[in-house]
Amino acid sequence: MNPNSWIGRLAAKLREGRAVRDLTRSQVADKAGVSVGTIQRAESGRDLPTLQTAYAIAEVCWVDRELIESMWREASRRGRRQHLTRAHPLQQIVNTAELGLALRRAWEMNSRPSVREMERRSRIRIREFGYLSRSAAWRIRERGQTVTSKKQLFSYLAACEVPEAHFRLWADAWHRVRQAEKRHEATGGLIQVALQEAEAEQRVRDAGLIPEERFQGSGVPWTVRCRRQTCRQISRIRYVDFIAGVVGCRVCGGHAA
């Protein structure tokens, strides 16, 4: 660590704040909602902590937030520049794609830990959030899958060392996305039913039959009337028979002229 670098100065300020409050690293970690290892790395000056982590530590140690942000941004500016995924604020996230981008950004802001490290961190909280495998961490990170439960979301956030104080905002965003997905699935299902109903009605009309009731399903008996003037008889058919190729009026066996 270079104590004169901006990362070194930030680390020193965080150590100083903890010392003034006479807190152990474990106490700061508990209050900030991060691991003891996160506090150790932030105070070491070897790696730049995430801005959220720096905020969380500063709040616990009563260090001026604006000063910490200024030091963090200067350290970030002078350090290696890395592209950060653009993502909406958590309060504005409403769909799976937006949530995926935000989860990717959370990983990037934690200096892009390896999946091995993410798995190791998740094991620390395994009793609370369950196990996050390397493959699951990679798929979520690369937006190859969505988080399947709130516990998995929290496990991923813990693996990215997102302060626990922010978990509720993440949970709210995840819940909105789930509700939007359910509404979309319900709407899509209704549209599919309507399309199937329209197709079925058109198909029996082409076969010379007039539906006398609404289509209820491929295997449900369906009341129809023959359109031929010489027949006009009512019968019961199953649409599945039309799919199989058995068409026409069951009474006269004819088709529409």
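Tutor: Let's start with a term: a residue is buried under 20% relative accessible area, exposed over 50% and partly exposed in between (1.4 Å probe, protein chains only). This is a predicted model, where local features need pLDDT of at least 70, side-chain atom pairs count only at pLDDT 80 or more, and totals for chains, interfaces and linings use all residues. Residues are numbered from 1 along each chain as its sequence is written, and side-chain values use heavy atoms, with hydrogens and water left out.

Student: Okay! How much of the chain is made up of buried residues?

Tutor: Buried residues account for 40% of the 257 in the chain.

Student: And what does the secondary structure come to?

Tutor: The chain has 12 helices and three strands. Helices (H or I, at least four residues) and strands (E, at least two) are DSSP runs, numbered from the N terminus.

Student: How many aromatic pairs does the structure hold?

Tutor: There are four aromatic pairs. In one of them, Phe154 and Phe167 have ring centres 5.0 Å apart and planes at 20 degrees, so this pair is stacked. The rule is that rings of Phe, Tyr and Trp (its six-membered ring) pair if their centres lie within 6.5 Å, with planes under 30 degrees apart stacked, over 60 edge-to-face and the rest tilted.

Student: Which helices do Phe154 and Phe167 lie in?

Tutor: Phe154 is in helix α10 (residues 150-159) and Phe167 is in helix α11 (residues 167-206), so their pair ties together parts 13 residues apart in sequence.

Student: Is Phe154 buried or exposed?

Tutor: Phe154 is buried, with a relative accessible area of 16%. Phe167 is buried as well, at 5%.

Student: Which residues is Gln152 in contact with, leaving aside its neighbours within four places?

Tutor: Contact means heavy atoms within 4.5 Å. On that basis, Gln152 touches Phe129, Leu132, Ala136, Ile140, Gln145, Thr146 and Val147.

Student: Switching to charges: which ring does the charged end of Arg21 sit over?

Tutor: Arg21 has its charged end over the ring of Trp62, 3.9 Å from the ring centre. Likewise, the charged end of Arg65 is over the ring of Tyr55, 3.6 Å from its centre. To count, NZ of Lys or CZ of Arg must be within 6 Å of the ring centre and within 35 degrees of the ring normal.

Student: Which residues are buried in helix α3?

Tutor: In α3 (residues 36-44), they are Thr38, Ile39, Ala42, Glu43 and Ser44. These buried residues pack against α1 (6-20), α2 (25-32) and α4 (51-61).

Student: What comes just after α3?

Tutor: Gly45 does, and it takes a positive phi of about 80 degrees.

Student: Another glycine, then. Where does Gly219 lie?

Tutor: Gly219 is in the loop between β1 (209-211) and β2 (222-226). Gly219 is partly exposed, with a relative accessible area of 45%. Its C-alpha is 5.7 Å in space from that of Val240, a residue 21 places away in sequence.

Student: Last one: what share of contacts between residues at least 6 apart join residues at least 24 apart?

Tutor: That share is 50% of those contacts in the chain.
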